[in-house]
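Visitor: Hi! I have a protein open on my screen and I'd like to find my way around. Can you walk me through a few spots?

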Amino acid sequence: GYIEKNKLLEVDGNFLKSMGASDTEKKVRMILSKAYGGVLFVDEAYALTQSGDAAGKQAIATLIKEMEDNRDKLIVIFAGYSNEMKQMLDTNPGFRSRIKDYIEFPDYDNDDLFAIAKSMFKEKGFSLLGDSSDNFIKRIDNEKLSPAWGNARTVRNIVEESIDNHAINY
């Protein structure tokens with residue numbers, strides 16, 4: 001009952017920007033019009049503001065205006081890391097007043113991450129033995145300190161690295 005059509009258009013924040021501000025406005029309006037009746041999902045939305053360029057500012061201004069003027073035609077979901085998203089929302093006072101709901105997804109805990117790793121290894125025909133759980137948790141605890149920490153994405157990278165190392169040592 002929230003959307004007219006079973007339609008989802010996914011883009012990332014950088015995709016909404018063009019070379020110039022006027023081109024960006026046209027691009028954002030075109031993308032929004034394609035999402036009418038459904039959902040526009042903007043992944044890594046904070047990329048709109050990270051460079052501080054005119055195209056990003058124009059994309060945000062256009063999004064905010066269109067979200068207000070056409071609020072009955074579509075749902076816009078902005079996704080990204082919490083701190084970066086908070087910074088993005090602070091760049092324009094119109095953002096917070098037009099976004100009704102905020103959903104924060106907590107990071108997976110170590111048991112969840114190990115279960116994800118086991119599943120990924122199994123999909124690739126490998127199984128974990130011995131003290132793999134302890135070693136994995138130590139590695140994850142170190143990875144969590146990195147600014148590049150990415151939850152299940154980091155797990156996938158560890159799994160791929162492990163398989164590569166296995167191939168070299170096999």
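Visitor: Which backbone atom lies 2.8 Å from a polar atom of the side chain of Thr62?

Guide: That is the backbone oxygen of Gln58. Before we go on, keep in mind that this is a predicted model.

Visitor: Thanks. Where is Thr62 found?

Guide: Thr62 sits in helix α3, which covers residues 54-69.

Visitor: Is Thr62 buried or exposed?

Guide: Thr62 counts as buried, because its relative accessibility is 3% and the cut-off for buried is under 20%.

Visitor: And what is Thr62 in contact with, leaving aside its neighbours within four places in sequence?

Guide: With those neighbours set aside, Thr62 is in contact with Glu25, Val28 and Arg29.

Visitor: What does the side chain of Thr24 reach?

Guide: It reaches the backbone nitrogen of Ser18, at 2.8 Å.

Visitor: Which residues does Thr24 touch, not counting those up to four places away in sequence?

Guide: The list is Leu16, Lys17, Ser18, Ala55, Gln58 and Ala59.

Visitor: Change of topic: how many helices and strands does the protein have?

Guide: There are 8 helices and 3 strands. If you follow the sequence, they come in the pattern β-α-β-α-α-β-α-α-α-α-α.

Visitor: How does its radius of gyration go with that of a compact globule, what are the values?

Guide: The protein has 20 Å, whereas a compact globule of 170 residues would be near 15 Å. Along its principal axes, the C-alpha trace spans about 60 × 35 × 30 Å.

Visitor: How many of the residues count as buried, in percent?

Guide: 34% of the 170 residues. The protein exposes about 11,100 Å², and carbon and sulfur atoms supply 50% of that area.

Visitor: What about charges, how many side chains are positive and how many negative?

Guide: There are 23 positive and 28 negative side chains, and the centres of these two sets lie 6 Å apart.

Visitor: Where is the place of Glu44?

Guide: Glu44 is in the loop between β2 (39-43) and α2 (47-50). At 41% relative accessibility, Glu44 counts as partly exposed.

Visitor: What about Asn151, what is its phi?

Guide: Asn151 has a positive phi too, about 55 degrees, although it is not a glycine. Asn151 lies in the loop between α7 (132-143) and α8.

Visitor: Is Asn151 buried or exposed?

Guide: Asn151 is buried, because its relative accessible area is 14%, and the limit for buried is under 20%.

Visitor: Let's finish with two other asparagines. What is the place of Asn14?

Guide: Asn14 is in the loop between β1 (8-12) and α1, and it is partly exposed at a relative accessible area of 45%. The C-alpha atoms of Asn14 and Pro147 are separated by 20 Å, with the two residues 133 apart along the chain.

Visitor: And where is Asn165 found?

Guide: Asn165 is in helix α8, residues 152-169. Asn165 counts as partly exposed, at 36% relative accessibility. Asn165 and Met85 are 36 Å apart in space, C-alpha to C-alpha, and 80 residues apart in sequence.

Note on methods
Residues numbered from 1 in each chain as written. Predicted model: local features only at pLDDT ≥ 70, side-chain atom pairs only at ≥ 80, totals over all residues. Heavy atoms only, no water. Polar contact = N/O pair within 3.5 Å; in protein donor to acceptor, adjacent residues only side chain to side chain. Contact = heavy atoms within 4.5 Å. Helix = DSSP H or I, 4+ residues; strand = E, 2+ residues; numbered from the N terminus. Rg over C-alpha atoms; globule rule 2.2 N^0.38 Å. Buried < 20%, exposed > 50% of the residue type's maximum accessible area, 1.4 Å probe, protein only. Areas by Shrake-Rupley, 256 points an atom, 1.4 Å probe, with all protein chains shown as cover. Lys, Arg positive; Asp, Glu negative; His and termini not counted. Charge placed at Lys NZ, Arg CZ, Asp CG, Glu CD.
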